[in-house]
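Morning, everyone. I have one structure to walk through today. Let me put it up.

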Amino acid sequence: MTITELETPALLADQSIMEENAAVMKSITAGSRMRLFPHYKSHKCPMIAKKQMELGAGGITCAKLGEADDLVREGIPTVVIANQVVQSEKLPLLASLARRAHLTVCADDEENILALERAMAEGGGVLHVLVEYEVGMRRCGAESFEEVLRLAQLIGAQPHLSFHGIQAYAGQLSHEENGETRRREVLRIETEAARLKGYLEERGVLVPNVCGGSTGYAAEKPEDTVYTQLQAGSYLFMDSSYQRLNLPFRQALYVLTSVVSVKPDRVVVDCGVKTLTMDQHAPYFPAFPEAELSFSEEHTTIFTENSDLLPGDMLLCVPGHCCTTVNTFDRIHVIRGEDVLHVWPITSRGKAQ
Ligand SMILES: Cc1ncc(COP(=O)(O)O)c(C=O)c1O
């Protein structure tokens, strides 16, 4: 099958460019103590997760219990939920996954840690727990070294929990366009994470892992980084948001669209904000890179004069944010040139719980 036979909008990923991006990421982690734990949120596709494991990933990072459920069911042996799982209704499933895989979760709250222990005690098995430390994103995370120590000791005292280390993700730096600021802040956070590790270890708490990192600043990590797990996701696909940073990764992901209407001043294609998400940056059409766009639910209007396009012609679109765009599709078409090599289900799309 070729892409011209696909019903649109369709999600395409270029196999050779994904392989290239994976090789670049491998060269970034080579020689450092960081091991790639790629983030599943970017593709939500078990087939891609399995390929990443074959290429040497230490495990797969995800954000949601539903994603972890899919990963364990697909046989991924090591899964990190880089997030808190708090709702009591969710804990039996968490405990069941922890019995079937090496499962890690984040925590920043004493009551939550005690609830995790109770859930694990009922089911047996061990759950690995990272204490999340807040490094400037103002999302989750303990806010002082003392608080991290208290939580780590509490985890260590539970028979069914194992202290796995620190989660310190600096999401505020991922899309920082100023390279100098990005480098400076990465080093500041490195120093702080190393100080925190030292503080805990001087007090008898061994810190086996420091986890975090993204596509946007993976290449800025120093060779002697204290981080052991790199959780980058978008590097595989890229998007218009990350393209602004001149990173060493190339665009692999596209939405294939069809022209549905042509007017003297504009061309309209068959997908809008229900397909092309807008949360980080606007998408663009490489055939009209500078054109003004306007979006509605199921249409995008490209303002361009006297186009020779006709209804039914196809146009490629570069998504604004790969992770949220993937989440709107049921399947991904892996291509080489015009040929469709594989059609893989995006099993975990919509798994928000
Ligand atoms: C916990 C965590 N780690 C890593 C990432 C980085 O992902 P990416 O490389 O796609 O920017 C994110 C992004 O949201 C995240 O929430």
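Start with Ile81. Leaving out residues up to four places away in sequence, Ile81 touches Cys62, Leu65, Ala68, Thr104, Val105 and Cys106. Keep in mind that this is a predicted model.

Now, where does Ile81 belong? Ile81 sits in the largest nonpolar core, which has 99 residues. Along with Val79 and Ile166, Ile81 touches the most other members of that core. In general, nonpolar side chains tend to be buried together in soluble globular proteins.

Strand β5 covers residues 102-107, and strand β6 covers residues 127-132. They pair in the parallel sense over 4 bridges.

Next, the domains. The protein chain splits into domain 1, which is 3-9 + 248-345, and domain 2, which is 15-237. Over C-alpha atoms, their centres are 33 Å apart. Domain 1 puts 17 residues into the contact, and domain 2 puts in 22 residues.

Which elements give two or more residues to the domain 1 side? They are α9 (322-326), β15 (331-336) and β16 (339-345). β15 gives the most, with 4 residues. By type, that side of domain 1 has 13 nonpolar, 2 polar and 2 charged residues.

Stay with β15 for a moment. β15 and β16 run antiparallel, and 6 bridges join them. Arg331 has Pro345 as its bridge partner in β16. The two strands form a hairpin with 2 residues between them. In the turn, Gly337 has a positive phi of about 60°.

Last stop, the ligand. There are 14 residues around the ligand. Which come nearest? Ala82, Ser214, Thr215, Gly233 and Ser234. And what is the shell made of? It has 4 nonpolar residues, 10 polar and no charged.

That's my tour. Over to you.

Technical notes: Residues are numbered from 1 along each chain as its sequence is written. This is a predicted model: local features need pLDDT of at least 70, side-chain atom pairs count only at pLDDT 80 or more; totals for chains, interfaces and linings use all residues. A residue is near a molecule or strand if its C-beta atom, placed from the backbone, lies within 6 Å of it. Ala, Val, Leu, Ile, Met, Phe, Trp, Tyr, Cys and Pro count as nonpolar, Asp, Glu, Lys and Arg as charged, and the others, Gly among them, as polar. Domain bounds come from an automatic or database domain assignment. Two residues are in contact if their C-beta atoms, placed from the backbone, lie within 7 Å. A nonpolar core is a set of buried Ala, Val, Leu, Ile, Met, Phe, Trp, Tyr and Cys residues joined through C-beta atoms within 7 Å. A residue is buried if 20 or more other C-beta atoms lie within 10 Å of its own, exposed if 12 or fewer, and partly exposed in between; C-beta atoms are placed from the backbone. Two strands pair if DSSP finds at least two bridges between them.
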